[in-house]
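Please open the model in your viewer and keep the selection panel at hand. The stops below move from ring to ring and end at a pocket.

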Amino acid sequence: MTYLLGTLILLGVLITVHELGHYWVAKWIGVEVLTFSLGFGPKLFKRHIGKTEFVISAIPLGGYVRLYGSEFDEKILKADEKRAYLTQPPLKKIAIALGGPVANVIFTIFAFTLLAYIGQFKLSSQLGTIFEGTYAHNIGFRTHDKINSINEVPVKEGSTVITTVQSNLNKPTSFEVERVMHDNSKAFLTVTTSPIARFGVTAHGEVVQQGAIPGLNLMKHLPMLTLIDQGKWSHKVGLKDEDQILKINKTAISSLDAVWPQLKKMQGQKVTLEVKRKGTKAITISGVLPRKAEGLHDLGLAPLELKVHQIAPRSAAETADLQKGDVILSVNGETQTYFHQFQKSVQEVGRSGSPMALLVDRKGKPLKLSLSPKKVNADEDPKPWVRKNFPYVIGMVPTIHAQGNQMLLRAPGIIASVQQGLVQTWTWSVRFVVGIGKLVTGQLSAKSLAGPIYIGKMAGDWLRAGLRQFLFLMGLISLNLGLVNLVPIPILDGGQILMFTIEGIIGRRLKPKVVERAFQIGFAMIILLTLFVIYNDLARILK
């Protein structure tokens, strides 16, 4: 239902804005508007206001404004030429054709300005979970560190941290870090490194090598656990599957990597856990910890992220009989502490070419499985940059619960909001034009194009995410709609602008047969493009 509602709102508003642009400019010039339609095909609703028939039609994939005197075979009296479309001077016809795209751009500026004024929730530059043993941990980053500046340039947003690291491939990069110590005092330190090469994706969908700091994470892995090995301590004290640890002996626990270090200090002592459980408020659980435990497994616990959430059909995991609900314990005898470690183990075993000796917990009992990771062709994957970094897969989806440190960013006033709206609109416009250029030159795959099905999916997803996110999507799609319509393909606004420009240059109207043939070619191109992007959408969603 959310997807249908999101799609109807998105298309309804943006198509209305586009057609109103044509309508208002035509009325301003003095051309009579016969029909204003949202959608194509059979008319579901119609009402006359003045001389214009306003219509809602059955197929909501566009709209149109029918103007008086827009058909070549229409008989136009001399007295009516001022209100007829085709008898207007070329500049006036160009203005009417431009009305729709310009209206879409204005809507984008309005949406981005409004977002700047009311504020947007964005990831802050505070780091999430930095797991021990990762590259990021080894060079000095820690969970909850706040990055204040990079190469002496202040940063607030997490996205700035990511893009700066990506653009600094193999370049010495200095991070000014703020860290809260155990006594709540603050320490300020510098972490310097050169981001190493990893495959990533650009704003235009190109897969390229970018800078990366493996393990540098803006998302905090929640301290959620699952139970293993019936009869162990966790079962005896009453812990349940998917419990989230909030406190250990009054010490707040906000990240998964903090659970075992805190429990390790309390071995042989009574420990009190404050736990968040599904469907209940926080509850308290107490018990004496075993004296000798080497890790969470000895307590009958494992991170929830090592629990299998889903198995892909016809995958290596399915072949090996790995099942939903199984918990990963070890690979080739090595205990798996967190999912990133398991992901690394899969790649190492895949490269070796030998089967993986996998130990899992199934319903409280250990079970041995033999599994051979499969190498995936990156070009066949919907996220080829991920597969280039992690080419071996087993077809398992983990149960990861993570969240970022959000902050509300607002412009300091209306003028600053308008400035941000204009800058953001210009930035996305440049990205669009560059992307079109790369499509034409073959630098960008046509598979990156999205159609109505995928846009509908995005509309539902972003509506669920919140009204701010949905408004941003509306602004972005509106800009794309406006700019796409300026592409000089006959039947689009850009094609009409091109033809009217030619009329202005040669000093006469184009012959009806020439215009008709151009429209036929343009219509065929649009139909073929529509079928292609729908195929893209279905392939992307099915994968």
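Select Arg431 together with Trp428: Arg431 lies over the face of Trp428, at 4.5 Å from the ring centre, where a charge sits over a ring if NZ of Lys or CZ of Arg is within 6 Å of the ring centre and within 35 degrees of the ring normal. This is a predicted model, in which local features need pLDDT of at least 70 and side-chain atom pairs count only at pLDDT 80 or more, while totals for chains, interfaces and linings use all residues. Residues are numbered from 1 along each chain as its sequence is written, and side-chain values use heavy atoms, with hydrogens and water left out.

In the whole structure, a search finds 12 aromatic pairs. One of them is the stacked pair of Phe112 and Phe472, at 5.5 Å centre to centre with 25° between the planes. Phe112 lies in helix α2 and Phe472 in helix α12 (residues 467-484), so this pair ties together parts that are 360 residues apart in sequence; helices here are DSSP runs (H or I, at least four residues), numbered from the N terminus.

Finally, select Lys388 and Phe199, where Lys388 lies over the ring face at 5.2 Å from the ring centre, and then go to the second largest pocket, where α10 (414-441) gives the most to the lining, with three residues.

Methods: Helices (H or I, at least four residues) and strands (E, at least two) are DSSP runs, numbered from the N terminus. Rings of Phe, Tyr and Trp (its six-membered ring) pair if their centres lie within 6.5 Å; planes under 30 degrees apart count as stacked, over 60 as edge-to-face and the rest as tilted.
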